[in-house]
Amino acid sequence: MSSETVTLTIDGQEVQVPRGATVLQACESIGVEIPTLCTDPRLKPYGACRMCVVEVQPGPPRPTASCTTPAGDGMTVVTDSQSIKDIRKHVIELQLQHHPLDCPYCDQAGTCELQDEVFDQEIFQSPYETVPKAHPEEILNEVILINHNRCILCGRCVRMCDEQIGVRALDFVERAVGTFIAPAQHEFMDCERCGMCIETCPVGALLSRPFKHAARSWQTEKTASTCPHCAVGCSLLVESRHGSVVRTRSNGLEEPDRGILCAKGFFGHSFVNSGERITEPLVRRNGALQPASWSEALNVISAGLREVLDAHGPQAVGVVGSPNTTNEDNYTLQRFARAVLGTNNVYSQSSGLHAAARTLRAVLGSAAGPRSQSELLESDVILVVGADIGQTHNVVGAHVKQAARDDGRTLLVATRLASGLDDFATVAARVRPGAEAVLLSALAGADIPNMHALTGIDADTLTAMRSRVQAAGTVAVVWDTGVWTLGKAEAIAQGAANLALAHDGVKLFPLPERANAAGTFLLGMAPDLLPGARPLSDDEARRQASDAWGAPVPAEPGLAFDDFIDGPMQALYVMGEDVVGGSANPQGAQAALERARLVVAQDIFMNATTEAADVVLPGATFAEKGGHFTNFEGRLGRLAPAIPPVGKARPDWEIVARVSAAMGADFGWRSHEPISTELAGLMQRPSLPGSRESAAVNGAAPAPADGFVLATEQHLYTAGVSGRRADSLTLMLPEAVAELNAGDAQRLSIAHGDRIRLSADGGEVNLKALVADRVPPGVVSLPDRFLEAAPRQLDPRAPDGAAVRVHKV
Amino acid sequence: MPLGSGVLTGLKTVLMVGRRKPSTVMYPEHVRDIGYRFRGQVGMRRDEVTGGMTCVGCGLCETACPNDVIRVDTSENADGTRFVDRYLFDVGRCVFCYFCIEACPVDALQRTHDFHLVTEDRRGLLIDGQKMIEIYENDQAYREAEQHNIGPGAAIANWFERG
């Protein structure tokens, strides 16, 4: 016991803390408040501000900074003697010598730690001549600006960027009284725009440009919610005022975000109040979509569905759920489809994760299921394959960097593009797009002939990786299941499963491509699954669902989506998804929708599917409804309504429930809570044995002799339809771009910013070229999830790894 | 007391009061002078440089208001300063406590003597910053009169003005 904890006395009170805790933490554990300015619980102790001084016995005969002093056995700490109070007051008075008193004007007022200290220390005037600095505000990049006058040089932004994000974009410049904070590399702060420097700044020095002067901090309503942009599911504090979201911030230090956010979480909220939102139901009259009342829209839908059911039977009806909407929304849609319409044609467009999860389950059984992030970060070896998770799942990427640097994890990186992870990796290699599955199999021990030509990784590097994997007790294999896995998701999952079969310590972490993709799988949003991702063929599962829903669930599985829309489809209900734009064959899908008797699309923005729909219903964004997202770990992230839905929009579950009620089956729900309870009762996870058979993965085609290989990954600043409507994110990346290596660009005499044309067998796109260091030679990168240039335009089935030609326009 | 003296006293009072001028006036044709310490509608000072509102949009009046009268919407100006998009004052909810005037760090909000608050439509009670500037400037005569210490209680009035 004694080695684990230390006992010390603080202001006459005895306290036990774990060994290694600081005196500051010991004080906080018993509620003794110590004022601090340079302390952030996310950061390591620094001792810059000297506000936290205490008297320690035994110890040096002078005040000691409690944040950097480890608590020791038998210490006596005095925190509130007169001399300590004088020192603290003096520290603030010295800070105020240069700090401008523009609080009525400053965005940080109300959450300013310096302001709080001035009040706590009861400072009403300065004993010194005050000389406010008068530097102009400096714009660092599209979203961040700095006011040097207010800066107190605590270094929290510098340390946050280094310790937590691993980017090191900010640093101290100059020395002594001339010190100021500036971008470390260039004048322009080319960082990840995560906004965490703004978040941690105790004063109003680093400011968010989108939030500048938008509201005072105390006027906003704060709602704890969950980020809708990716499958990490970071907790957000949504701040709203007068019915619009004014900013989002990090909320608490808990998993999965541990107190940090990325650019999408911090700046990507303005789509909620975009002027392009669908705000009222639209019904097609005389060939055009026209505004209608809710009752008219519901009548059209229920009449159309009933007509199709009577004429063609339930097999002609299908519903599409969405990884952008909550578990409750998807569950309501599923219950409506299976119990009210009587069809198992239930879909979700999160193909990458569904394919990966199915393959892993088939091979490894239900034990493959989602695992927690702490298991990932505590593995001896972390292997990142394929897409750069620093771009696709930025916050997990930041945690992986930290684990590699601070906790001594071995990081192996086999991504297609160079990334920030490389700096923290033990072995970093570039794998050729299309050869990821082969690489995984090779790591599992498969003997692949012609390895270097196939994967672009030489034998030495492969051996170095393989030996580290084999020597490790636990290995976490991490890959994003975004668009780059299109057409090869099964192969990659099989490759990872092969590795898991070859090594008992391997844990697999497929990172879903969108916020609730894992949720749609676990909810069984598929023709052959039921809630809990239990197979439809499981009689017990079907009986339980039938009992809960009060109607039999048909035993016959639904058709695959492409077969369905090309075959019996007469009516389609789409919720929060673009089935046309996201299809491998957009023209075919659009023709199919136009052929159908009734297409209902429920969404927040117009897209190719809503344009082709007969009825368009206004759905609600994450900030306007309650519910839950399931993140990559299987953890539920709670959403809470921060603002009322815009216009006539309603939460998606409510719209589906109203349609169901109009069809004569009222679920009786008035809020999302009974849905959460009902679906939790059905979410029993099946216990399935896997085949546990290793299988050879199909070999990748060798690199084309001339031309380029296409790499399509999600970019950090793109987040699909909603992300492209978030002004701050579009500022960071205004238009679709293709990235080229500098050598290749020079060879083709393409300059940064030129228009180029990418063409492949499937089609071509015109877009802007960027010369980027992160792209290896012979590869052209087309970031996914722009609206105007989709990788699928080049190759509808499997764009990633396709041979493309690049021309200057 | 002799019999009938009560009647005579009453008659005397009636005769005396009957000779006086009536206290009532024909409002709104005739408007009585009001006391200079009268707490009327809150006005807004005009900024001498910009010609617009003096308000810097700090929102302290909105925060100080006990009755949710004030709403200040701000955004960023081209030069990076705070721009007041609109300043809304709901006269119908105001209790004339003047907490907003006390809170204002730039003395943009000012007391006036305006009590002509009647409208036919309650939407007319929601006034903006420009209207408040008008109210303040129309109050000029009263402010000047106040400075000349007319009438009793001048000492108290001066104390009030000095703050």
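This is a predicted model: local features need pLDDT of at least 70, side-chain atom pairs count only at pLDDT 80 or more; totals for chains, interfaces and linings use all residues.
Residues are numbered from 1 along each chain as its sequence is written, and chains are lettered from A in the order in which they are written. Local features need pLDDT of at least 70, side-chain atom pairs count only at pLDDT 80 or more, totals for chains, interfaces and linings use all residues, and side-chain values use heavy atoms, without hydrogens and water.

Q: How many disulfides does the structure hold over all chains?
A: A disulfide is a pair of cysteine sulfur atoms within 2.5 Å. For C103(A), the nearest cysteine sulfur, in C112(A), is 6.4 Å away. Over all chains, the number of disulfides is zero.

Q: Is C201(A) buried or exposed?
A: Buried means under 20% relative accessible area, exposed over 50%, and partly exposed in between (1.4 Å probe, protein chains only). The relative accessibility of C201(A) is 8%, so this residue counts as buried.

Q: Which strand runs parallel to β31(A)?
A: Strands are DSSP runs (E, at least two residues), numbered from the N terminus, and two strands pair if DSSP finds at least two bridges between them. In β31(A), residues 737-740, V737(A) stands opposite K768(A). Four bridges join β31(A) to its parallel partner, which is β33(A).
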